[in-house]
Amino acid sequence: PDVRVIVFNKVPVMAMLRLSTKLSGGKANLAQGAVGVGVDISTGVAIYAVAKLPVRKEVKVHPDTSQKLAGFEVPFWKDILKMSVECQLASGLGFLGVDIAIDNKYGPEVLELNARPGLEIQNANLLGLAKRLQRVVGLDIKTIDRGVRLAKELFGEALSKKEKFKGKKVLKLVELVRILNKKGRKEIEVRAKIDTGAMSSSLDVDLARKLGYGDLLKLMKDYKLDPKMNERQADRLAAKAKRELRELSDDVVDVVAVRSAQGLSLRPYIKLTFVLGGVKKISTVNIAGRGQLKYQMIVGRKDIKGFLVNIERK
């Protein structure tokens with residue numbers, strides 16, 4: 001058995017155990033039947049396991065030993081994370097998979113480095129790798145210890161068996177949200193979609209008008225994007241709009257050019273106060289044309305921190 005850690009830009013971004021089985025011929029090879037166990041980067045606790053038996057599926061216990069495959073801690077976890085980053089620095093690769101075995105006498109020892117590690121680690125963690133990589137790209141990581149600390153801060157969110165849910169509010173996919181209007185004197189209640197795929201929360205233009213932001217939307221009409229514009233030209237127009245609008249309106253926090261399924265558009269960002277799940281939120285949200293969509297508001301990841309989301313409940 002070994003531990004595989006994916007490292008990118010000096011930050012361990014995902015990890016798993018690979019446990020050999022009789023089916024795999026004693027090899028820690030998932031394609032041949034070994035068990036893949038997702039590991040929480042922050043704690044080193046096993047959280048989920050999959051195996052090809054012969055179809056890839058979740059397994060609760062090791063098929064040969066009946067040992068439980070979630071809830072136990074991988075020993076030497078901090079050392080394993082530091083070794084993984086050291087291996088990246090030594091290799092000169094920006095992205096790699098590090099395989100480490102734990103020896104009875106010597107502790108963690110590097111087996112090999114992989115320039116193109118397989119993606120089965122995503123199944124073992126029930127998570128996609130791309131979004132984690134995007135959170136790390138471009139960061140200036142000065143030291144190995146900083147890379148390890150950042151990994152724990154960013155990716156220690158996986159729900160291991162040892163975590164306690166007590167005190168956490170559970171949101172449904174659609175929640176009633178009470179929004180304070182621009183003057184702060186009136187609340188408007190709307191049904192909002194909880195969207196874990198979006199970073200920021202967003203309001204429909206009609207809802208924004210009801211809340212008192214009609215004057216801002218009129219000013220936005222002076223700034224029109226040509227669909228033929230490239231991203232650099234769109235960003236320049238957004239920067240110009242932000243600069244000029246902030247002189248005309250106290251409501252504007254930012255203006256961003258966004259390319260979506262509806263095409264290229266400029267979206268103003270405003271400060272908004274609303275109540276979600278009994279918790280008051282003061283957030284920066286964007287205004288977009290959502291008339292063709294079912295909900296006039298979506299609540300993004302920035303505004304659901306501290307909550308759990310039940311994806312099966314409306």
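Hi everyone. Helices (H or I, at least four residues) and strands (E, at least two) are DSSP runs, numbered from the N terminus. Asn 125 lies in helix H2.

Before we go on, this is a predicted model, where local features need pLDDT of at least 70 and side-chain atom pairs count only at pLDDT 80 or more, while totals for chains, interfaces and linings use all residues. Residues are numbered from 1 along each chain as its sequence is written, and side-chain values use heavy atoms, leaving out hydrogens and water.

Is Asn 125 buried or exposed? Asn 125 has a relative accessible area of 7%, so it counts as buried; buried means under 20%, exposed over 50%, and partly exposed in between, with a 1.4 Å probe and protein chains only. Beyond its neighbours within four places in sequence, Asn 125 is in contact (heavy atoms within 4.5 Å) with Met 14, Ala 15, Met 16, Gly 38, Val 39 and Ile 47.

Next, the inside. A nonpolar core is a set of buried Ala, Val, Leu, Ile, Met, Phe, Trp, Tyr and Cys residues joined through side-chain atoms within 4.5 Å. The largest one has 45 residues, and Val 11, Val 35, Val 37 and Trp 77 have the most contacts inside it. Strand S2 gives the largest share, 7 residues.

Last, salt bridges, meaning a side-chain nitrogen of Lys or Arg within 4 Å of a carboxyl oxygen of Asp or Glu. The whole structure has 12. In one of them, Asp 251 pairs with Lys 182, with the closest N and O atoms 3.0 Å apart. These two sit 69 residues apart in the chain. Asp 251 is buried at 15% relative accessibility, whereas Lys 182 is partly exposed at 39%.
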